[in-house]
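Trainee: I'm new to this one. Please walk me through it.

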Amino acid sequence: MKEFSLHLYLVTDEAAKCRHSLLETVQRAVDGGVTIVQYRSTNPDAGTCYREALPIRDFLASRGVPFIVNNRIDLALALDADGVHIGQRDLPVPAVRAMIGPDRILGLSVSNADQLRAVDAALVDYLGMGPVFPTISKLNAPPVLGVEGFTALASQSPLPVVAIGGLDSERARLVRATGAAAGIAVVSAICGAEDPEAAARALA
């Protein structure tokens, strides 16, 4: 598995919700300090997603920034992505690890203690934990953890944890101050920003 930093984790929003093109948003965010990028799309058209994600993958490769695909193992393999991020309702972790091989990054979303206890740390590389605060970028999100709830849960994790959910620059500082997070993940705080580079710098 390649080395990677979770310090500032960008999850892409739908292109229509970004102030700039998806590629430009990612480029400027990386200039601002984003260390890892997850391509996430609800579009069921695999071909469209492939064409949209390909230049993002190529740009990130040129900058040495890992490129992760959300949920779609087929798309991740077609794009030769650096990794995959899955949720609790996706394919089981052992099946995904078998499909992507031992060297790609595998992230898993968790939102409570039961899910955390079920994690196989031998197969998963990092956890996305949240939502820490209320979020509008994900429908049907689990109950909000809050900073204290996140800190308590993250402190029990055998793996590096990325905080996600409703994070802006001020909230990111609160989470980082706990020392419980290896990084923070954002969607709209960067994708919806007029200046993605400045937004990333404020979050880093």
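Mentor: Start with a term. Helices and strands here are DSSP runs, counted from the N terminus: a helix is H or I with at least four residues, a strand is E with at least two. The model is predicted, so local features need pLDDT of at least 70 and side-chain atom pairs count only at pLDDT 80 or more, while totals for chains, interfaces and linings use all residues. Residues are numbered from 1 along each chain as its sequence is written, and side-chain values use heavy atoms, leaving out hydrogens and water.

Trainee: What follows α4, and what is its phi?

Mentor: G101 comes after α4, with a positive phi near 85 degrees.

Trainee: Which residues of α4 are buried?

Mentor: Helix α4 covers residues 93-100, and its buried ones are V93, V96, R97 and I100. Buried means under 20% relative accessible area, exposed means over 50%, and partly exposed is in between, using a 1.4 Å probe and protein chains only. Down the axis of α4, the buried residues fall within an arc of 100 degrees, so they line one face of the helix. That arc is taken from the directions from the helix axis to the C-beta atoms.

Trainee: What sits on the face turned away?

Mentor: P94 and A98, both exposed.

Trainee: And what covers the buried residues of α4?

Mentor: The cover includes α3 (73-78), β4 (83-86) and β5 (105-110). Contact means heavy atoms within 4.5 Å.

Trainee: Which residues does L77 touch?

Mentor: L77 is in helix α3. Not counting residues up to four places away in sequence, L77 touches M99, I100 and R104. L77 and I100 are 23 residues apart in sequence, and their C-alpha atoms are 7.2 Å apart. L77 is partly exposed, at 36% relative accessible area.

Trainee: New topic. Where does UniProt place a binding site?

Mentor: The unreviewed UniProt entry puts "binding site" at N70, S109 and K138. Of these residues, N70 is included in the lining of the largest cavity. UniProt positions follow the numbering used here, feature names are shortened, and annotations may be inferred rather than shown by experiment. A cavity is a set of points, on a 1 Å grid over the protein atoms alone, where a 1.4 Å probe fits but cannot get out; lining residues have an atom within 4 Å of a point.

Trainee: Is N70 buried or exposed?

Mentor: N70 counts as buried because its relative accessibility is 13%. N70 sits in strand β3, residues 67-70. Beyond its neighbours within four places in sequence, N70 is in contact with Q38, Y39, R40 and H85.

Trainee: What about the phi of N71?

Mentor: N71 has a positive phi of about 70 degrees, although it is not a glycine. N71 lies in the loop between β3 and α3. D80 also has a positive phi, about 55 degrees, and is not a glycine. D80 is in the loop between α3 and β4, and it is exposed at 51% relative accessible area.

Trainee: Which peptide bond is cis?

Mentor: The one from G130 to P131, with omega near 5 degrees. P131 is in the loop between β6 (126-129) and α6 (146-154).

Trainee: Last one. How many helices and strands does the protein have?

Mentor: Nine helices and eight strands. Of the 204 residues, 47% count as buried. The C-alpha trace spans about 40 × 40 × 30 Å along its principal axes.

Conventions
1 Å grid on protein atoms, 1.4 Å probe; cavity = no way out; pocket = protein on both sides within 12 Å on 5 of 7 lines; lining within 4 Å.
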